[in-house]
Amino acid sequence: MEITINLLPEEKRKRLELEGDLPFGRIFTDHMFYMLYQKEKGWHSAQIKPYEPICLDPAAVVFHYSQTIFEGLKAYYGVDGKIRLFRPDRNMARMNRSARRMCMPEIDEEFVLKALKKLVDIEKAWIPKEKGSALYIRPLMMGTEAFLGVKPSGEYIFFIILSPVGAYYREGFNPIKIYVTDKYVRAAPGGVGDVKTGGNYAASLAASEEAMKLGYTQVLWLDAVERRYVEEVGTMNIFFYFEDELVTPSLTGTILPGITRESVIQMAKDWGINVTERRITIDEVIEGARTGRLKECFGTGTAAVISPVGWLAYKGEEYVIAGGKTGPLARRLFDELTGIQYGEKPDPYGWIQFVP
Ligand code: COI
């Protein structure tokens, strides 16, 4: 498929707003990638065009039944002036995995990655140069057919938009405070907890709002069946570093298979750390925090990068981890990962792809 390119004249482009602390996901670049799907035609009308609102029928499936999936990745401005993407092939593969679960059409991964690189190249002036900032890339697919019956849509829109961003949490790389909820659950076995679909995030809002009112940044979810096993944070996967083991919950179908999670597991194993993916109870975590056996806790995600957790609240008690400071393992992982992403360190795993 050819990509039609229709760019705004220079004088109509927005003024770059890349100074100071960038908020997360509030500024958008001048152009977007866009393509359409119809059952009879497959994907068609691929184009890079000015960023603009999308007009949909009020009966569009996505509004009523949330048939939508998305991805999140970043383009980094390297210390050598080269533009890097971190494992974008993994995002493409995960998008198709999500599409299958949500009865949506698969994308041609190679074609979409090519389109994504083209768009980033066109918008490269929007990539912030400061380390810690990046151009966040948000691919999204939604069902747009207009009907009220519950069945998969026969029509879809796929788009990619770009947003220059700074740190996701206002704390930056400083430790955050996490609230463990046993009142709400995020995902049940057999559901869509391991799918990057909008509904998972909508369903998490009430718990996040309550946690924020109590002074916590995010919620740590427990499993839906016993409310005992730790799952994930919703915007990131979670790791616990005990004296002799780095533990992260295993992918049981209710946890998002994070690409940063996967990368951290690989790096830590290569450093000789005993990494295990297993079920871990909240009691084991609290016991570890109480006795000091739990040395560090941190979250991983594209938006969050490596985010140390300094405080955990559970059943009315607050537990301090690593003295509320960033621990050495979180620091080392952050330095290594961002070092690879910004081209300061070699990329021994072949994780980087360049733009153009
Ligand atoms: C990401 O880390 O890219 C995410 O998609 C999480 C969040 C911003 C929703």
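1. The lining of the largest pocket comprises 17 nonpolar, 15 polar and 8 charged residues, where Ala, Val, Leu, Ile, Met, Phe, Trp, Tyr, Cys and Pro count as nonpolar, Asp, Glu, Lys and Arg as charged, and the others, Gly among them, as polar. This is a predicted model, in which local features need pLDDT of at least 70 and side-chain atom pairs count only at pLDDT 80 or more, while totals for chains, interfaces and linings use all residues. Residues are numbered from 1 along each chain as its sequence is written, and side-chain values use heavy atoms, with hydrogens and water left out.

2. A pocket here is an open set of points on a 1 Å grid over the protein atoms alone, where a 1.4 Å probe fits, with protein on both sides within 12 Å along at least five of seven lines, and lining residues have an atom within 4 Å of a point. The largest pocket holds about 890 Å³ of space, the volume being that filled by probe spheres set on the points, which are joined across faces, edges and corners.

3. Of the 40 residues that line the largest pocket, Y168, Y201, Q218, G234 and T235 lie nearest its centre. Because domain 1 (4-165) and domain 2 (176-341) both give residues to this lining, the largest pocket lies between them; the domain bounds come from an automatic or database domain assignment.

4. The second largest pocket holds about 470 Å³ of space, and among its 27 lining residues G132, S133, G166, A167 and G172 are the closest to its centre. Its lining has 13 nonpolar, 8 polar and 6 charged residues, with at least three drawn from each of domain 1 (4-165) and domain 2 (176-341).
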